[in-house]
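Visitor: I am new to this structure, so please walk me through the terms as we go.

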Amino acid sequence: MNAPKPHIATGSNADLLGLYRQMRRVRTFEERVGELFVRGLSAGSMLHLSIGEESAAVGVCAAMKDGDTFTTHHRGHGIFLARGADPERMMAEIAGKQTGYCHGKGGSMHIADMGLGHLGANAIVGGGIPAVVGAALVAQQRRTGAVSIAFFGDGAMQQGILYESMNMAALWDLPTVFVCINNQYGMGTRIDQATKATALHERAVAFGLNGETVDGLDVVAVRDAAQRIVDAARGGTPGFLAIDCYRFFGHARKDKSPYRSPGEEEEGRRKDPIAFARAALLEAGHDEAELDAIDTAAAAEMDATIDFADLSEEPPLSSMFRDVFAVGEPEPEPLADRIDRVLARD
């Protein structure tokens, strides 16, 4: 089977090079994260890569403005990077180092940065969705003009909290967008084995939201669809965008995806948004050397993240309770100290 022919959205070629650069950065970062995990240098035992989903992260983030807020799920590295995160601080966080965004306490699945509007990643399926309703209510009451976006996977489409959140957003006309990155699998369950109705955006329409589904093969089409949905939400009509893509690898780094045939994976990986964008750029007159330079720059940038994480210090034990308890609250007494104190009293 031949790869899809490159045909980008009408009148969009001027932006495609920048979108390609961002997608290449996201993929290269994820590849380096995988290397970190294989070397045993990442914090925790689980790691979820977004390779194959780059157009969703880059396309939607391109439609956002300064001041907008968002939440992500356990596969959210690319989204945060596309929103402007520092890849060195991200890699340090994934490595559990003091120089990371959360000083090494969040790891891969719990990165947050209020300065960039990142309200937090959440490893609970659908766990971050209701937070954007609250953020959007604040934006509405304060008239900031900000939009709040929840990113989640197709597995969250079966979670009740999504429907409660969409209903509340619709009732209150909140500047909220729900973005479902449909990579076809919730862990090892294919979407059509999890739900009979796979036109996911129609569920949002039933609640009174704007709803669209877009093919994630074309990052420009994703960006344009996201722009329509986000602009409408900014005007008081919340929306939902489903982005169809394919998860190139298993649910987590150790998952060899035995539930998918080699033929299916081969066909799915042909739906590569980066290869598609590159082919479209070449067809539009860009040369290989220009695109190779972008790829080389991304590789150098992300190689440096590994070095930064490797050289960074681990958080000291004395910081264990910092950022966990409110400022001014006494830290919990260590168990050994409490036992010694009780025994001494006897």
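Visitor: What makes strand β4 and strand β8 a pair, and in which sense do they run?

Guide: This is a predicted model, in which local features need pLDDT of at least 70, side-chain atom pairs count only at pLDDT 80 or more, and totals for chains, interfaces and linings use all residues. Residues are numbered from 1 along each chain as its sequence is written, and side-chain values use heavy atoms, with hydrogens and water left out. Strands pair if DSSP finds at least two bridges between them; β4 (residues 176-182) and β8 (residues 239-244) have six bridges, in the parallel sense. Ile243 in β8 is the bridge partner of Ile181.

Visitor: Why are β2 and β7 said to stand at the edges?

Guide: The open sheet has six strands in the order β2-β1-β3-β4-β8-β7, with parallel pairing. β2 (118-121) and β7 (210-215) each have a single partner strand, so one side of each is left without a neighbour in the sheet.

Visitor: Why are α2 and α9 called oblique to each other?

Guide: Angles run from 0 to 180 degrees between N-to-C directions, along axes fitted to C-alpha atoms, for helices over the stretch in contact. Under 35 degrees counts as roughly parallel, over 145 as roughly antiparallel, 65 to 115 as roughly perpendicular, and the rest as oblique. The axes of α2 (residues 54-61) and α9 (residues 219-234) cross at roughly 40 degrees and come within 8 Å, and the two helices are therefore oblique.

Visitor: Which residues of α2 and α9 meet?

Guide: With contact meaning heavy atoms within 4.5 Å, Ser55, Ala56, Val58, Gly59 and Val60 in α2 meet Val219, Val222, Arg223 and Ala226 in α9.

Methods. Helix = DSSP H or I, 4+ residues; strand = E, 2+ residues; numbered from the N terminus.
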